[in-house]
Amino acid sequence: MKLSKKVVLLGHFGVGKTSLFRRFVDNEFSEEYKVTLGVQIKKKLVQLPDGRELSMIIWDTEGHSDSIEDTRKSYLLGSHAFIYVFDITREQTYSTLKQDLEYLEKHYTKVPAKVLGNKLDLVNEKEITSHLKSQNIPFDCLTSAKTNKNVQDFFSDLAKDITK
Amino acid sequence: MQYQDDHLQFNPQIQVINVSYDGVIKETDNTFFNWSKGALIFDSHPFFEMLKVYEKDSHTEEEDPINFPCIHIEDDNTQKICDVTFTLKKDEITILLYDYTVKYKDLNQIAQQKNESILLAKELELRNKYLLEKEEFKNSFIANINHEIRTPLTSILGFVEILEKTKLTFEQEELARIIKRESKHLNALIDDMIDLSKIESGTLKVVEERFAFKDLINGFSEGYAKIAEEKQIIFETNIDSSIQEYLIGDRTRIYQILNNVLSNAFKFTEEGKILFSISKNYQRTNKLSLNFRIEDTGFGILEENIPYLFDRFTRFEKDKQVSGTGLGLAIVKSLVDLLNGEIKVTSQPEKGTVFNIKLPFKFEVRKTIPERKKKKYTLPKSTTKFRVLVVEDEEVTQYLIMKVLISHGRFFVDVAINGEEAIKYIERRKYDLILMDLNTSKIDGYQATHMIRNNYGDKFISEVPIIGFSGKANEATKDKCIRSGMDDFIAKPFEQEDLIYKIVKQIAKKATD
């Protein structure tokens, strides 16, 4: 049987979830902002280092305004990983990060959640890293869907993690 | 986003699919997706991989349907946004697809507008921040480059003045004159750049002071009459005699505006005349509006060029025949706006140009107090020369100041290269005055002054007059000098007369204390 894992992109609206989704799956990027309503789902085959092939089913969900609790529960059902995306240029998109992670940890105990700060092309990497650290904002990776910086590496590492 | 759960309200089309627990399509009515019986539903769209979560034998009775609202499902032929329900039965799963594409597209438009407006506000905030940072960088760059240019320029101008006083051949005199003219031009360019930078950053403050308006205008009349004579053109002034002798306004900026427009008129007029007239627009209680009209018979400006006249670095074809930075009229316009005035220009090529400038003033209704004139100071009587300590790390400037002071005839000069060395000097010898560069290494001018004023009981040391000097020629620097304990400040490049005046003034004041 084919190896298949469901990965859900979560986070506030306008943080670039769809851009990351399109960049990873189709290697495309558009400057135009288009709201995602509900959920879009695509499949991407990822070659694992041990030779196996992973069918990554990625759910690009509609961004929430206040907290992750607004996200439909059924979208999260059967997930193997969550990617919590925030916009490094918009503080309100990571203002609820800690509570949101606690919520996920409480209700989806076995599902790992990775935190990703997007739109790295708009700021100085050193400055934003030190700013986020000074604010105690936990994150696993900073990316730019626009320039493709760290996007492919992030998903490759995630694929390895969830197939261990 | 809240979704409508009432399927009936929107009367959607519904597709019914029955699949086995291993994903094989057993039945489908193909209402909008044409999928074959016997095929794997996982291959139809990745959404259906969800079905793998459910196991066959754990659902003995029909359970409540599981709802998945607003799922984007597409195949090669059809794209739909559906609400999907899975009903888990004993041997199969019934999937219902409710087509709400139209409803969701409507909702999408509303969400798009709402989110876009929030994101746009953030984008504008970021853009604004970026522009402010850029502006800050530009201003600090201009301030620094100003300092770096003014220091060597001070030396050039100073040495040319000294050179002019020596015996020179005609050719050498001419060369010295050119160096002086070009250096002054460069100095004016720096002044213009700084003014523009201040105007743009909003740091240029309008000063309201009482000043002798008629003296200012007489200064123009006399100064430009000489130039008119040299150029063999006519210069006429026509000033409304009812205008008050003293007015309240920003004298420096008014001078700058009129001088700029007048000097342009002289630059571009080779024959004929220049008429400078001032009249009242209105006068109410203590307020007055004046119209300054400067009319020349010069080159004139092409009609299509007039809209660009006040743009920065604007130099039209004819302008290239005369010197200039292309910043003058841009500054004039900005200053007129800053003073809440108005400037208009009309022109005809080869016939001449007319500038009309309206500026508001105030005046004192009751009394007239004569303006304080620059007080004269003389050095106290002494059989010995006055000893001046020059604290300066740049050799050329050291040499220039030494030359100026020594050639005056009544000063001895010692030179220290920084604040630390200056402290050593004053402990060894009594000085009548210290000329302190503000930016020397180790201990800077402010720190050295603070130490001199506070660390010594000996009044010859702690009360020695100190004049700060720097290429950073602004009010803030002067204020900082005075606050740190200095008696005065002189900006580079300085006129030799000004330097001597300030030194003599401080020594004379100290002698009378």
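In what order do the 11 strands of the open sheet follow one another? The order is 6(A)-5(A)-4(A)-1(A)-3(A)-2(A)-3(B)-4(B)-5(B)-1(B)-2(B), and the pairing is mixed. Please keep in mind that this is a predicted model.

- Strand 2 (residues 39–47) of chain A pairs with strand 3 of chain B in the parallel sense, over 2 bridges.
- In this pairing of the two chains, Q40(A) has H72(B) of strand 3 of chain B opposite it.
- Strand 3 of chain B also runs antiparallel to strand 4 (residues 79–88) of chain B, and 7 bridges join the two.
- H72(B) turns up again here, standing opposite I81(B) in strand 4 of chain B.

**The contact of chain A with chain B**

- Chain B brings 24 residues to the contact and chain A brings 21 residues.
- On the side of chain B that touches chain A, the elements giving two or more residues are strand 3 (66–74) and helix 2 (101–164) of chain B.
- Helix 2 of chain B gives the most to that side, with 10 residues.
- Sorted by class, the side of chain B that touches chain A holds 16 nonpolar, 5 polar and 3 charged residues.

**A helix over the strands of chain A**

- Helix 1 (residues 17–26) of chain A lies across strand 1 (3–10), strand 2, strand 3 (53–61), strand 4 (81–87) and strand 5 (113–118) of chain A.
- Relative to strand 3 of chain A, helix 1 of chain A runs at about 155°.

**Two packed helices in chain B**

- Helix 8 (residues 419–428) and helix 9 (residues 445–454) of chain B have axes that come within 9 Å and cross at roughly 25°.
- Angles under 35 degrees count as roughly parallel, so helix 8 of chain B is roughly parallel to helix 9 of chain B.
- The crossing of helix 8 and helix 9 of chain B is right-handed.
- From helix 8 of chain B, G419(B), A422(B), I423(B) and I426(B) meet G445(B), Q447(B), A448(B), M451(B) and I452(B) of helix 9 of chain B.
- The residues of this helix 8 to helix 9 contact in chain B comprise 6 nonpolar, 3 polar and no charged.

How values were computed. Residues are numbered from 1 along each chain as its sequence is written. Chains are lettered from A and ligands numbered from 1 in the order in which they are written. This is a predicted model: local features need pLDDT of at least 70, side-chain atom pairs count only at pLDDT 80 or more; totals for chains, interfaces and linings use all residues. Two residues are in contact if their C-beta atoms, placed from the backbone, lie within 7 Å. Helices (H or I, at least four residues) and strands (E, at least two) are DSSP runs, numbered from the N terminus. Ala, Val, Leu, Ile, Met, Phe, Trp, Tyr, Cys and Pro count as nonpolar, Asp, Glu, Lys and Arg as charged, and the others, Gly among them, as polar. Two strands pair if DSSP finds at least two bridges between them. Axes are lines fitted to C-alpha atoms, for helices over the stretch in contact, and angles run from 0 to 180 degrees between N-to-C directions. Angles under 35 degrees count as roughly parallel, over 145 as roughly antiparallel, 65 to 115 as roughly perpendicular and the rest as oblique. A crossing is left-handed if the near helix is turned anticlockwise from the far one by less than a right angle, and right-handed if clockwise.
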